[in-house]
Amino acid sequence: MSHDPDDEVPAGAAVPVDMILNGARRHADVPTNTMLLSLLRNEFGLTGVRGSCERGVCGVCTVLLDGKPVASCSLFAFDVDGATVETIEGQRDGDALGPVQQAFAECGGFQCGYCTPGMIILTTALLRSEAKPNRDEIRRWIGSNICRCTGYEMIMESVERAAETLAAESGEPGEDPDTEGEEERS
Amino acid sequence: MTEVVGHNAPRRDARAKVTGSARYGYDVALPGMLHAKVLRSPHAHARVVSIDTSAADALDGVAAVLTRDRLGAMMTTFGSLIKDQPVVAVDTVRYVGDVVAAVAAVDERTALAALDLIDVTYELLPTVADIAEALAENAPELFPEEPPGFTPHYGPGAHATLRPARNVSFEYGHTTGSPDAWDDCDHIFTDTFHFPRMHHMHLEPYVSVSTAAADRLEVWTSNQMPFQLRQELARLFSVAESVVRVHGEYIGGGFGGKSNCRTEHIGLRLSQLAGGRPVRFCMTLEEAFLTISQHKATLTLKTGIKADGTFVARQSTVLLDAGAYSEYSPFVAEKAGYRMPGAYRWQHIDTTCWTVHTNTVPAGAFRGFGGTQATWANERQLDLIAQRLGIDPFDLRCRNMLDLGEQTVPGERPIDSDLKLGLDLVADAIRYHARPHVPGRGIGIAMACKDGGGMNKLAQARVKIDVNGNVYLAAGLTEMGQGGHSALSQIAADVLGTEPARVRFTDVDTDYSPFDSGTNSSSGIVVTGRAVAEAAERARRQVLEFAAESLDLPVEQLDLRDWQVIADGVGHPLPPMIQQVYGGTGFEFSAEGQYKAAFSSETPFETQAAFWEIGWAAAEVKVDVETGKVDVLQLVISGDAGKVINHLGARGQDEGAAVMGLGQALFEELRYEGTDLLNGEALNYRVPMADDLPASFVSITQEQGHGSGPFGSKGLGEGGMLPVPPAIAAAIADAVGVQLTELPMTPERVLDAIDRRHVTI
């Protein structure tokens, strides 16, 4: 992030923001009081990113900023200047679902679906840092976002399925899915 | 058939939801759209002396300002049986958060700036913070003048009264059997239980877009009850219902909250004032906390039993905290009252339920709808009685539970689950009977029984099939996460011998969708489902009759599969047959279906329950006697789907409900200090997170096969929540010997109970 806190910019004045958004270079001039959530939805039409608590608590609006999950409702848009931003819209592989999306769809890791983009983004970040998370790691990681519908079990199963799929895709030695999750990890 | 039903089909909304492309009410945008914000009362009870909007009116970018003086021909109040909630404050504000004025402007920021410019003068009035204060002698009265309202007609044994006491808007009463039954009792126990209130905290806020023209009031909204909303909006604006059009979008969670007018009535009036421009009104989460809640309750149960533990008579007094306005409280009172007998057999029942006004946020529909409150008191008192008589709570339940096929009251639908079977299932899964007695660890069980499928509910459905066998399923059930659209599509596909992927669930739109009284009461599978099954069966019959004529074969010999008519094992593709008769563009088969719960002159609500929703739970806890902290080690829950339509959906409904119950049991609570809400925001209002799950959480979906829905199905979605708090309370009692009577069972409360136990011993 290139923002210098000593820069004097009048409130509401537009500042230039350049970023890599879902793999493409994007530019916008945004008022300093614009939140990232608003920039993504209103300027770039990425409406899979939605708001809920708008206090950085619930995780509905989660996006990846330089690979780390952040609440886009509580981050100023100017703060992402020079950064890489990934949203749910970047998960698709052309017309096909990405592996995490596919896992959530198959395992029923959603109900109303409002938290789902955030959960999928969160899972993506987890699986990049830990390819084979155990149940406790998944629980702690997912524990930063709220889902009011599912009771979380089917979300955690979706994460496990996504990990299996990604492992299989990357040519890891095959694992018996039945014993997955319990092997010597702790 | 059941080629499709019961198979593990992915939900039809999966792709839209995992890609983020699903359109919610939150996503609706129209050209030239304005944005609304409302001014809320900072006072719990005050007279509104004056409102000066001149500065707000003059602010650049403001298109409309709504106050009591600008309602025009609009009715001033809305509600359910009692219309006591002002669209905007007229004379009085009755809780912190009550709506005083509204602004539509070019953006939310401008609307908020305009609200700051509205000058309101209040004259403070004395307040009532809770049920006890509201019922106290000489308590300040929230409604000195009686608001418009009425009581429904009931069957034998039931009655309702408006304003039975000061600050009480509604009384529901229900009596069966003779009070002489008290004479048969060897023991009579009276206990009081307290139940806090939760907020729904659906993640999608209350949001709608509204447009008003002379002959069309149109809203795009996240609302569970499009037809009920149409009716209430038509009444508010004094127009024919056909003038109002409600579009039902995907709903980002509801749990009862998205019923009745939330944003739509204000959005429409602002649109009228702004010359018909579209108005989006999206509340913040903090505003949702100030809009609606579950009912806090105080329940006193007087229960008479025989020496051997047989239940005889039960008198229940239920006081529901309705908050400032009646909202759905009369309906919740009916159901809380009706559900007080629980899953048990009685000679005499006498229930009185009051909705008590306080200067707090209004309470309304919430998952469980009075059943959660009733189950807490009912199951808890059973455990208290079991302890007093030295009977195992499991045995006391078995002695008194209703049998499969037994009626709760004459004329009512017989119980359609084997309650013992389910209780054995959860008890065995957690090894209840073999539990070791380890200090600080305990196991408890509970069960719940609620009439499911709503009251007197009606649903209609329409099935169209085009020339190539694509199915268009139209019904008024909204998709709020429960998977209703997927399940209904599977039911139609199964009847028509086709793949669920060939079924399109058409958008919910009150102009075109068949009528449905609302998405609530776990009613989708049974009520809307039977309408859908009937429509699909009739459409199938049409297809076969058409083919019988074309093939010159008796219709009885034909079957429909993959859009071929099967005769003697030979498939005849339908498209050429249809085009031969109707030409190249073809034809659409179209049929309708309907379901309404059976009329019953004998039951209190003059209708049978559509089905019985049963929930069973078993919990194992570890209690830290030094801190009072309760760790749930195991939670086993079970519901009876009758017949599962969609496994993912069924399991998800039960598990989601159970985790809501877990929050209610241990920590979730809307906290008030006097009339001030202390935790009305996401950071302070604690809901269950993944970290809160028990180490072992097992859900068992039973398929007992006795349901009245398609293929023997029943509804799910509420039953999983109800037994969880009492099961955990029973486990705490087993662990440390204290019987809690108030939720949530926080460390403070548990520790306090433990300390008191030590004092009395």
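## Exercises on a two-chain predicted model

The domain assignment of chain A lists domain 1 (14-89) and domain 2 (99-169); such bounds come from an automatic or database domain assignment. This is a predicted model, in which local features need pLDDT of at least 70, side-chain atom pairs count only at pLDDT 80 or more, and totals for chains, interfaces and linings use all residues. Residues are numbered from 1 along each chain as its sequence is written, while chains are lettered from A and ligands numbered from 1 in the order in which they are written.

**Exercise 1.** Describe how domain 1 of chain A meets domain 2 of chain A.

*Solution.* Start with the centres: taken over C-alpha atoms, they lie 22 Å apart. Next, look at the contact, where 14 residues of domain 1 of chain A meet 12 residues of domain 2 of chain A. Two residues are in contact if their C-beta atoms, placed from the backbone, lie within 7 Å. On the domain 1 side, β3 (62-65) and β4 (68-71) of chain A are the elements that give two or more residues. Helices (H or I, at least four residues) and strands (E, at least two) are DSSP runs, numbered from the N terminus. The most comes from β3(A), with 3 residues. Finally, sort that side by class: 8 nonpolar, 4 polar and 2 charged residues. Here Ala, Val, Leu, Ile, Met, Phe, Trp, Tyr, Cys and Pro count as nonpolar, Asp, Glu, Lys and Arg as charged, and the others, Gly among them, as polar.

**Exercise 2.** Work out how helix α3 (residues 116-129) of chain A packs with helix α5 (residues 153-169) of chain A.

*Solution.* Two packed helices are described by the angle between their axes and the distance between the axes. For α3(A) and α5(A), the axes come within 11 Å and cross at roughly 45 degrees. Axes are lines fitted to C-alpha atoms, for helices over the stretch in contact, and angles run from 0 to 180 degrees between N-to-C directions. The two helices, α3(A) and α5(A), are therefore oblique to each other. Angles under 35 degrees count as roughly parallel, over 145 as roughly antiparallel, 65 to 115 as roughly perpendicular and the rest as oblique. Now find the residues: M119(A), T123(A), L126(A) and L127(A) of α3(A) meet I155(A), V159(A), A162(A), A163(A) and L166(A) of α5(A). By class, this contact has 8 nonpolar, 1 polar and no charged residues.

**Exercise 3.** Which elements of chain B give two or more residues to the side that touches chain A?

*Solution.* First, take the whole contact: 44 residues from chain B and 41 residues from chain A. The elements asked for are α1 (14-19) and α15 (647-666) of chain B. Of these, α15(B) supplies the largest share, 6 residues. Lastly, the chain B side has 23 nonpolar, 12 polar and 9 charged residues.
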